[in-house]
Amino acid sequence: MTTDATTIRTVGVVGAGSMGRGIAQVAATGGYRTILFDAKPGVAEQARDFISGLLSRSVEKGRMTQAAFDSAMAHIEPAQTLEAMQPCDLVVEAVIENLDVKRAVFSDLEALVREDCILASNTSSLSVTAIAAQACRPERIAGFHFFNPVPLMRLVEVIDGIRTAAHVGESLMEVGRRMGREPVRVKDAPGFLVNQIGRGYTIESAHIVDENIASTHDIDRVMRDLVGFRMGPFELMDLTGLDVTHPATELIHQQFFFEPRFRPSLMMAQRTAAGVLGRKTGTGFYAYADDKPVAVSEPDAPVVKPASVWISPAEAEGRRAVVRLLEQAGVEIEGGDRPSERALCLVTPVGEDATSAALAQQLDPSRTVAVETLFSMEKRRVIMPTPATTPEMLAAARWTLGADGQPVTVIRDCPGFIAQRVVAMIVNICCAIAQSGAASPADIDKAPKLALNYPAGPLSLGDEVGADKIYRILKNAYDAYGDPRYRPSLWLLRRAKLGLSLKTPETMPS
Ligand SMILES: NC(=O)c1ccc[n+]([C@@H]2O[C@H](COP(=O)([O-])OP(=O)(O)OC[C@H]3O[C@@H](n4cnc5c(N)ncnc54)[C@H](O)[C@@H]3O)[C@@H](O)[C@H]2O)c1
C-alpha cells in the first residue's frame, strides 16, 4: 500500500528550530498528530512552549477558540529520540542546511519508519534530487519548502526530485492544504520557484546601480510608486541581509551553470565583503536608527517653465498618457507632427534609451527628455535626459512633469528606464520557468504573490503591460547591451507574436 494524503495521520518534524517549530504548529492546527524531535536536548520542548505562547495570544485576540487551542496543543508531542518517528506517515526534515547532515537524517529515518512513510525536506537551496540520491527509496522523498515565519506565510512549495514518485508530491499538496497553506508544485531546480523568481527583482535593480543609472533610493521609490511593490528591492535586501541574498544569488547562478539572467552584481559582492549587510549591521542601503530606516529626502523640482512642450506621437499610448497628465495639470501642449524650434521634446520610449529615441525620430537631443509611461504615473514620474540634453531643458522637463505637485525622479539614460527593465526581467525569468515545464503558469503566478508580496503574479503583470511590450523591452536591451541576460524567452516571444496571454499553456495532444 502507498501512503496518500488520506492515510496520513501522524506527521514527524525533525529539527525544531525556527522552521521546524513553525511546521509543527501548522501540522498540529491542521489536525495531525505531530511528533517533534531536535538533536539538541530540550529544544523540542522549548518549541512546544513557543507554539503554546503564540497560539494562546491568538486565543486572547479572539482569532482562535480555546477548544482549537487545546486540540492543537494535544496534537504536539516533543520526542527525546529520533526513534519516536517510527509510527509517522510523513516526516518533514528541517535540520541545518547541509547536504551531508540531511542525507544522514534521511538514512537514519529510513531505518526506522515504515516503507510507505513519505519523507520530505524543507531545504531552501539544496537539490532535493541530491538529498534523495543515496536513499534506499528515493521515490518517497520530496521537497516541502515552507517560508519564514511559517504560520504567517501561506505558500509552501512541493518539489519533485528526479526520482520522486508522483503520488508523493500529490499527497504533499493535499497535506499542505490541510495545514492551511497554499501549495504550489515545482520540479527540482535551483531556487525552486520563489527564490528563482525573486532574483529578477534584486539583481536587475542592482545592475542598474552598477551602471550608475539611478540611486538605490530612487529605484526603491520607483518600484513602490510605479509598480506597487510593497518594498523596494534595496529595502528588501536590507531586511533580508546581503549575507543571505548575495550568496543565494551566487549559488543559483552557479547551479544554473552560469546562466546570465542570474549573474550576480559586483556592488552586492563588494558590500557583502565590506560587511555592510543591512538592518542587522545597522547600515545597509539605508542607515538605521532604532531599527528604523533613516528617511532620505528628495530634491525639490526647480521652477523652470518651458517655452513650449511637444510630445512625440511615435508611441501612441505613451503620448496619450503624457497628454492626459499635462492637460490635467494645465500645461499647454504644442500641436503638430514636428516640434517648434524652442520646444521641450518629450518622448515615451518602450525599451529604448532617450538617445536612441531622439535619433530615431530625428529630434534635437539637446531638447529631448524621455518619460516613463508604461506604469502608473499617479504617484511619481520618471524621466531621463540624453547626455546632450541641456540642464535648462531637463529642469523644464522636471517642472512640466511635476506641475501637479507629484515627485519627478530623474535617472541617467538607459534602455528601459527602471520599472520596464526590472519588470521585464522578472517576467522573462517566469516565462523561462514556464517554458521548462518546471511549474504551471498558475503556480508561477501564485508563488511570488504569496511569498514575496508581489503586487500581482508576474505573468499577469506581463499581460497587463502587454507581452509584446515586455518582448520589445528585452529585445531593445539585448540589442543595446549585447548581453544574453536580456535574451527573451521563447515562451514570451511566441505569445507576444501570437497576441496570446503569457499564461497560455502549450498545446499538446490530449
Ligand atoms: N530560516 C528560514 O528562513 C528558512 C526558510 C525556508 C527553509 N529553511 C530551511 O529550513 C531548514 C532549517 O532552518 P532553520 O532556519 O529552522 O534552522 P535553525 O538553525 O533555526 O534550526 C535547525 C535545528 O535543527 C537541529 N538539528 C541540527 N542537526 C540535527 C539533526 N541531525 N537531527 C535533528 N535536529 C538537528 C538544530 O539543533 C536546530 O534546532 C534549513 O534547511 C533551511 O535552509 C529556512
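1. To start with the ligand, one of its oxygen atoms is 2.8 Å from a polar backbone atom of M19. From S124 comes a polar side-chain atom, 2.8 Å from a ligand oxygen. A polar contact here is a pair of N or O atoms within 3.5 Å; within protein, one must be able to donate a hydrogen and the other to accept it, and residues adjacent in sequence count only if both atoms are side-chain atoms.

2. Please keep in mind that this is a predicted model, in which local features need pLDDT of at least 70 and side-chain atom pairs count only at pLDDT 80 or more, while totals for chains, interfaces and linings use all residues. Residues are numbered from 1 along each chain as its sequence is written, and side-chain values use heavy atoms, with hydrogens and water left out.

3. Which residues are closest to the ligand? They are M19, D38, E97, K102 and S124, out of 20 that surround it (a residue is near if one of its heavy atoms lies within 4 Å). By class, this shell has nine nonpolar, eight polar and three charged residues; Ala, Val, Leu, Ile, Met, Phe, Trp, Tyr, Cys and Pro count as nonpolar, Asp, Glu, Lys and Arg as charged, and the others, Gly among them, as polar.

4. Helix 1 (18-29), helix 4 (99-112) and strand 6 (141-146) each supply at least two shell residues, and helix 4 gives the most, with three. Helices (H or I, at least four residues) and strands (E, at least two) are DSSP runs, numbered from the N terminus.

5. Two backbone details deserve a look. N148 and P149 are joined by a cis peptide bond, with omega about -5 degrees, and P149 sits in the loop between strand 6 and strand 7 (155-160). F258 has a positive phi, near 65 degrees, and is placed in the loop between helix 10 (242-255) and helix 11 (266-274). For context, most residues other than glycine have a negative phi, and most peptide bonds are trans.

6. On the overall layout, the domain assignment, which is automatic or from a database, gives domain 1 (5-187), domain 2 (194-293) and domain 3 (309-406). The C-alpha centres of domain 1 and domain 3 lie 55 Å apart.
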